[in-house]
Amino acid sequence: MARQGARTESPQRRPDPYAGHVRTADELTRELRQRGYRVTRPRQAVWRVLSDAHGHLTAEQVAARVSQHEPGVNLASVYRSLALFASLNLVRESRLGDNDVVRWEVAHPDEHFHLVCETCGRVDHHTGDLVARVIEHLQTGHDFEASSVELTVAGRCATCARRSDESAM
C-alpha cells in the first residue's frame with residue numbers, strides 16, 4: 001500500500017466497495033419486493049435514518065430520528081425493521097466496546113473494519129486487505145470458512161492522542 005502523498009506508477013481506480021449492497025431507498029424498495037416483503041412507512045423511515053447517519057446508531061437513536069419525521073413509528077416498529085434488515089443482510093449490528101450496546105449501520109463489505117476511540121467514542125471505518133488476509137488464514141491454516149467478519153480495533157484517535165500528549169507536557 002502506497003504512503004499518502006507517494007506517487008504510484010499506474011493509478012488504478014478501486015472498485016466500489018459497496019457494489020451489490022443496497023444503499024438508496026429505491027434499491028431498498030426493489031430488494032424488499034423481490035424477496036416478498038412489503039415496503040412500509042416504518043421500514044422506509046428506518047432505512048432513511050440509517051442511510052443518512054453515515055455511522056453507527058443505537059435502536060433508540062434510530063427511533064428518535066424516525067419520530068421526527070414519522071411520529072407514529074414506535075420503538076417496537078424500529079426493532080422489527082432492524083431485525084428484518086439484518087436477516088436480509090441489509091444492515092449490520094456491531095458491539096463497539098461501549099458496554100455491549102448494539103449499534104446499527106447500513107451493511108458494508110467485510111474489508112471495512114472499525115477503529116473505535118476509547119476516549120471520545122468516535123468510530124471510523126478503515127478499508128484494507130487485513131480482513132481478507134484473516135479470512136484466508138482461517139481457511140488455509142484452520143480449515144475454517146468464515147461467512148462474515150466483524151473486526152473492531154480499540155484505541156485512541158489522533159485527536160485524543162494529541163490532546164493526551166499535550167496535557168502530559
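First, the ground rules. The model is predicted: local features need pLDDT of at least 70, side-chain atom pairs count only at pLDDT 80 or more, and totals for chains, interfaces and linings use all residues. Residues are numbered from 1 along each chain as its sequence is written, and side-chain values use heavy atoms, with hydrogens and water left out.

Now the layout. The chain has 6 helices and 5 strands. These are DSSP runs, numbered from the N terminus: H or I of at least four residues for helices, E of at least two for strands. The order from the N terminus is α-α-α-α-β-β-β-β-α-β-α.

The accessible surface comes to about 11,600 Å². Carbon and sulfur atoms hold 47% of that. The areas come from the Shrake-Rupley method with a 1.4 Å probe, and for residues only the protein chains shown count as cover. Of the 169 residues, 31% are buried. Buried means under 20% relative accessible area, exposed means over 50%, and partly exposed is in between (1.4 Å probe, protein chains only).

Contacts next. A contact means heavy atoms within 4.5 Å. Take those between residues at least 6 apart in sequence: 49% join residues at least 24 apart.

On to the core. A nonpolar core is a set of buried Ala, Val, Leu, Ile, Met, Phe, Trp, Tyr and Cys residues joined through side-chain atoms within 4.5 Å. The largest one has 22 residues, and V46, L50, V62 and F85 have the most contacts inside it. Two or more residues come from each of α1 (25–34), α2 (41–53), α3 (59–69), α4 (75–87) and β2. α2 gives the most, with 5 residues. Look at V62. Leaving aside neighbours within four places in sequence, V62 contacts V46, V49, L50, L57 and V78.

α1 has its own buried set: L28, T29, E31 and L32. They pack against α2 and α4. After α1 comes G36, with a positive phi near 85 degrees.

Now the strands. β1 (residues 91–95) runs antiparallel to β2, and 5 bridges join them. Two strands pair if DSSP finds at least two bridges between them. R95 has V102 in β2 as its bridge partner. β2 is mostly covered, with 4 of its 5 residues buried.

N89 lies between α4 and β1. N89 is exposed, at 59% relative accessible area. N89 and V106 are 17 residues apart in sequence, and 9.0 Å apart in space, C-alpha to C-alpha.

Last, the cysteines. How many disulfides are there? The count is 0, where a disulfide is a pair of cysteine sulfur atoms within 2.5 Å. C120 is partly exposed at 44%, whereas C160 is buried at 5%.
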